[in-house]
Amino acid sequence: ISGCRVVGFDFLERNVAALKDGTVQTIIAQHSDRQAASAVLALVDKFILGNDVVKRDRFTQMDILNSINCDYYM
């Protein structure tokens with residue numbers, strides 16, 4: 001399909017290979033380890049320490065990679 005932009009998710013080896021061969025134009029990389037740690041800390045804070053939930057939104061970083069900057073990521 002010509003004229004179509006394709007975005008990949010997560011910094012996986014097969015996604016990077018598709019980025020380098022031109023199949024995918026952009027990868028959105030999430031930091032799932034940080035998301036999981038934030039979720040566990042929120043659960044501990046609420047259910048073990050008994051603190052009220054003050055902050056409902058816990059935003060985490062997402063990185064946008066292309067064929068130029070993917071070699072310097074990680």
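Asp10 is located in the loop that joins β1 (7-9) to α1; helices (H or I, at least four residues) and strands (E, at least two) are DSSP runs, numbered from the N terminus. The structure is a predicted model, in which local features need pLDDT of at least 70 and side-chain atom pairs count only at pLDDT 80 or more, while totals for chains, interfaces and linings use all residues. Residues are numbered from 1 along each chain as its sequence is written, and side-chain values use heavy atoms, with hydrogens and water left out.

The backbone of Asp10 has a positive phi of about 75°, although Asp10 is not a glycine. Most residues other than glycine have a negative phi. With a relative accessibility of 31%, Asp10 counts as partly exposed; buried means under 20% relative accessible area, exposed over 50%, and partly exposed in between (1.4 Å probe, protein chains only). The backbone oxygen of Asp10 is 2.9 Å from a polar atom of the Asn15 side chain. A polar contact is a pair of N or O atoms within 3.5 Å; within protein, one must be able to donate a hydrogen and the other to accept it, and residues adjacent in sequence count only if both atoms are side-chain atoms.

Asn15 itself belongs to helix α1 (residues 13-20) and is buried, with a relative accessible area of 15%. When neighbours within four places in sequence are left aside, Asn15 is in contact (heavy atoms within 4.5 Å) with Phe9, Asp10 and Ile27.

One salt bridge is found in a search of the whole structure. It is formed by the side chains of Lys20 and Asp71, at 2.9 Å from N to O.

A nonpolar surface patch of about 640 Å² is made by Val40, Leu43, Val44, Phe47, Ile48 and Leu49. Patches are made of residues with over 30% relative accessible area and no salt bridge; like charges are joined within 9 Å, and nonpolar side chains (Val, Leu, Ile, Met, Phe, Trp, Tyr) within 5 Å. Leu49 is placed in the loop between α2 (32-48) and β3, and counts as exposed at 57% relative accessibility. Val53 lies in the loop between α2 and β3 and counts as partly exposed, at 45% relative accessibility. Val53 and Leu43 are 10 residues apart in sequence, and their C-alpha atoms are 9.5 Å apart in space.

Overall, the protein has two helices and three strands, arranged from the N terminus in the order β-α-β-α-β. Its radius of gyration, taken over C-alpha atoms, is 17 Å, whereas a compact globule of 74 residues would have a value near 11 Å (2.2 Å times the number of residues to the power 0.38). The C-alpha trace spans about 55 × 25 × 15 Å along its principal axes. Of the 74 residues, 18% are buried. Among contacts between residues at least 6 apart in sequence, 46% join residues at least 24 apart.

Definitions and conventions. Salt bridge = Lys/Arg side-chain N within 4 Å of Asp/Glu carboxyl O. Areas by Shrake-Rupley, 256 points an atom, 1.4 Å probe, with all protein chains shown as cover.
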